[in-house]
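Please read the following alongside the sequence and the coordinates.

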Amino acid sequence: MREVAEKLRFVLMLILTLMIVSLGVLRLMRIQLVEGDEYLEKSKSVRVAAQVINAPRGEIMDKNGEYLVKNRSGFNVVALKAFFPDDNETADHAVYKTACVLSEYGCEWTDVLPVTDKPPFEFLPDRERDVERLRKAAGVQVYGTAEDCITALRLMYGVDEEYDERAARVTVGLRYSMQAMDFSVSNRFTVAEDVPMEAVVALKELSDELPGIDISEEAVRVNIIGDVVPHLIGTVGLISAEEYDAYKDSGYALNDKIGKGGIEKAMEPLLRGTKGERSFEISEGEVVKDEVTSPAVPGCTVKLTVESGFQREIQTLLENHIAWLSSQTSPEAKGTGADAGAAVVLDAKTGALLAAATYPTYDLLDYIEDYDSVAGRENAPLTNRATSGYYRPGSTFKTVTATAALNEGVISPYDTVDCTHYYTYWEDWKPYPECTGWHGRLNVVQALKESCNIFFYDVGRLTGITKLAEYASLYGLGEEMGLEIGRDVKTGYVASPDTFSERGLDWEAGNVIQAAIGQSDTYITPLQMAAQAMTIANKGVRYQTYMVDSAYDYNMTSCVYQAQPVVAAQIPDKTGYTFSTVTQGMIEAGRFEQYINYPHCSDYYTQSYLLTDLPYDTAIKTGTPQMRGKEDTDSAVIGFYPADDPQIAFAVYIEHGEYSKFMVKDIIRAYFDDSFIVRPLSEWTEEEAVQALSDTQDPDTF
């Protein structure tokens with residue numbers, strides 16, 4: 001009996017097991033075959049998506065910690081894909097209604113459509129690549145007109161026929177911009193930035209009509225000070241399609257903003273910060289979970305080497321000097337055509353940029369508000385003459401010729417050349433310009449003091465163009481300067497057979513003597529001229545120029561980068577007296593000013609600029625380069641101070657002008673004397689202006 005019972009129990013368990021398995025198989029078959037589509041749909045309706053959180057951009061300050069570019073809290077209108085309607089009718093209504101509210105409060109919105117905003121529709125100028133993309137996106141033939149594109153977009157986005165042409169243009173402009181900038185759950189679309197509170201309130205009141213449209217409180221970029229080195233600061237703007245190709249591998253999106261020039265562009269890796277992430281869980285079209293999974297990390301704060309007050313004083317000195325030159329009335333006046341120029345000051349011991357003035361200039365605030373107006377002003381104010389103006393150096397180059405000749409043993413400090421006003425080495429050709437005087441026999445120090453063309457013609461011929469070009473390169477002329485803004489800084493070029501060949505010109509023997517006095521085909525920048533002066537001051541050591549002093553975390557609690565002086569080139573003093581001799585010649589040139597007579601300038605004017613009144617010797621070399629012909633000359637000066645222990649090196653260049661050397665004393669005073677104040681013309685009284693802009697008064701000390 002016991003065995004029978006056990007067999008019966010086994011059979012029952014087997015039957016039960018088979019029944020359970022059968023039921024499971026049947027259920028599984030039902031799920032797969034009968035209810036499969038339903039469960040598949042449910043599985044699709046639950047998903048998790050991530051959205052990028054933009055990081056506040058780092059700020060920019062001057063040497064003393066005064067903010068030039070800063071962030072403030074503002075309101076942006078954004079579209080969020082997770083909440084944005086899928087059907088065209090609702091989507092069109094949402095974006096058009098949003099634009100109507102923004103328009104009511106004078107706000108602009110994002111529109112990358114390269115078509116005019118009013119009929120008859122035409123393509124915008126200089127947007128060929130954007131037009132090509134538009135035609136492709138709209139499915140229009142390569143010869144399709146702007147009207148064809150708008151019609152195609154209306155169909156694509158299902159814009160209601162009741163929308164008039166203007167309303168339709170607004171709607172398709174926003175819809176196309178969203179598409180072009182990769183609008184998605186992970187990539188929101190910024191409709192408008194920094195909108196006023198009144199617009200925020202109005203949009204909030206209409207939130208039921210505007211699904212997917214939200215208000216985001218974010219950091220808004222603000223230029224606090226717009227008149228301090230605007231050419232070097234740069235601006236920020238939406239990334240272009242071309243830029244996106246270069247930046248996409250670094251985590252940039254099509255709706256990101258990047259630096260468009262200057263420090264904003266050069267320091268992009270530090271300024272941009274690190275994006276955060278916001279996570280959404282979406283079930284059956286509804287967001288059921290929304291949280292920040294990783295916060296954004298703001299960009300670094302960048303501190304420059306430029307000090308705002310000193311920069312403004314150099315800018316004002318430059319503008320005042322040009323104003324005086326152009327207002328002269330004496331028949332003997334020189335430089336009355338002065339209309340542009342630049343002045344650069346470097347830290348002689350490090351290469352740090354202390355000031356970079358250019359005239360005419362502009363205010364970044366005006367540039368951002370009304371670019372066309374600024375760009376259209378007379379004499380190209382957007383050109384940064386300090387770093388990108390190409391100029392012949394004239395006689396300032398004679399310091400290069402002197403260095404090469406002394407260092408290579410072509411001459412000694414005691415060798416002389418007989419100046420008889422004309423250079424007579426070639427019987428059948430007398431080069432122009434002749435000398436400024438009949439100096440007789442003089443050595444290199446005297447030749448630098450007198451700026452004798454005949455001496456440097458002969459010494460340049462003996463030294464040869466190969467060595468002249470080599471030393472010019474070591475001085476940084478025609479070379480990269482290292483300034484962080486990179487391609488915004490021009491390199492220029494120095495006269496040589498290679499340079500002539502590259503420019504399709506024939507090199508002749510006589511070109512070497514023109515090159516020796518800074519003429520011929522030598523074109524360099526004021527920044528390079530200042531670096532040349534710095535190299536002499538450092539007895540042959542040329543530092544790489546730079547304008548970023550340091551970088552800190554956003555809250556200025558820790559330093560993440562500190563600039564260090566970098567030696568860019570070095571000219572070894574082979575004789576032991578090369579640079580001391582050149583420096584002595586430049587000191588004598590500074591002292592020589594007290595003996596020069598300026599017949600159309602009063603004693604008061606010339607005496608107030610005497611460098612001999614300063615506590616220490618100043619080393620300078622002037623130049624009067626011929627840029628456009630014999631009678632139309634510019635004015636240049638390079639130098640450093642104090643001559644025995646240089647703290648600053650400088651260069652000034654005045655287009656169509658004269659007497660750039662008259663600015664030297666006040667440049668030095670502006671740097672070393674805290675009590676010295678340079679007043680711009682706008683602050684002068686009428687009486688002061690009449691006196692200062694006459695031929696008998698000093699324009700820069702009022």
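**Helix 4 and its surroundings**

Helix 4 packs through its buried residues against helix 5 (146–156) and helix 6 (165–180). The model is a predicted one. Helix 4 spans residues 128–138, and its buried residues are Val131, Leu134, Arg135 and Ala138. These four lie on the same side of helix 4, because they cover an arc of only 95° around the axis. Glu132 and Lys136 are exposed and sit on the face turned away from that buried side. Just after helix 4, Gly139 has a positive phi of about 70°.

The loop between helix 3 (88–104) and helix 4 contains Pro120. The peptide bond that joins Pro119 and Pro120 is cis, with omega at about -5°.

**The chain as a whole**

The protein has 702 residues, and buried residues make up 51% of them. Its secondary structure comprises 26 helices and 21 strands. Of the contacts with a separation of 6 or more, 71% are between residues 24 or more positions apart. The accessible surface is about 32800 Å², and carbon and sulfur atoms account for 50% of that area.

Which residues have the most contacts inside the largest nonpolar core? They are Leu304, Leu353 and Phe455, in a core of 94 residues. Helix 22 supplies the largest share of this core, with 8 residues. A second, separate core has 33 residues, including Leu318, Ala338, Tyr609 and Ile668.

Neighbours within four places in sequence aside, Leu304 is in contact with Ile60, Met61, Asp62, Lys63 and Leu68, with Ile233 and Ile263, and with Met547, Val548 and Asp549.

Pro526 is part of helix 22. Its relative accessibility is 0%, so Pro526 counts as buried. Apart from neighbours within four places in sequence, Pro526 is in contact with Ala342, Val344, Arg385, Ala386, Gly389, Tyr391, Ala651 and Tyr653. Pro526 and Arg392 are 134 residues apart in sequence, while their C-alpha atoms are 9.9 Å apart in space.

The loop between helix 21 (511–516) and helix 22 (526–537) holds Asp521. Is Asp521 buried or exposed? Asp521 counts as buried, because its relative accessibility is 10%. The side chain of Asp521 makes a polar contact of 2.6 Å with that of Arg503. Beyond four places in sequence, the contacts of Asp521 are with Tyr493, Val494, Ala495, Thr499, Phe500, Arg503 and Leu505.

Ser520 lies in the loop between helix 21 and helix 22. Ser520 is buried as well, with a relative accessible area of 11%. Phi of Ser520 is near 55°, a positive value in a residue other than glycine.

**Other backbone exceptions**

Most residues other than glycine have a negative phi, and most peptide bonds are trans. Ala380, a residue other than glycine, has a positive phi near 50°. Ala380 is in the loop between helix 14 (371–375) and helix 15 (385–388). At 35% relative accessibility, Ala380 counts as partly exposed.

A cis peptide bond also occurs between Tyr432 and Pro433, where omega is about 5°. Pro433 is in the loop between strand 13 (417–419) and strand 14 (440–442).

**Cysteines and helix 25**

How many disulfides are there? The count comes to 0. The closest cysteine sulfur to that of Cys452 is in Cys435, at 3.7 Å, which is too far for a bond because a disulfide requires the two sulfur atoms to be within 2.5 Å. Cys452 is buried, with 0% relative accessibility. Cys149 is also buried, with a relative accessible area of 0%.

Ala670 is in helix 25, which covers residues 664–672. Ala670 counts as buried because its relative accessibility is 9%. Not counting residues up to four places away in sequence, Ala670 touches Phe310, Glu313 and Phe676. Ala670 and Leu317 are 353 residues apart along the chain, and their C-alpha atoms are separated by 9.5 Å.

Key. Residues numbered from 1 in each chain as written. Predicted model: local features only at pLDDT ≥ 70, side-chain atom pairs only at ≥ 80, totals over all residues. Heavy atoms only, no water. Buried < 20%, exposed > 50% of the residue type's maximum accessible area, 1.4 Å probe, protein only. Helix = DSSP H or I, 4+ residues; strand = E, 2+ residues; numbered from the N terminus. Arc of directions from axis to C-beta. Contact = heavy atoms within 4.5 Å. Areas by Shrake-Rupley, 256 points an atom, 1.4 Å probe, with all protein chains shown as cover. Polar contact = N/O pair within 3.5 Å; in protein donor to acceptor, adjacent residues only side chain to side chain. Core = buried A, V, L, I, M, F, W, Y, C linked by side-chain atoms within 4.5 Å.
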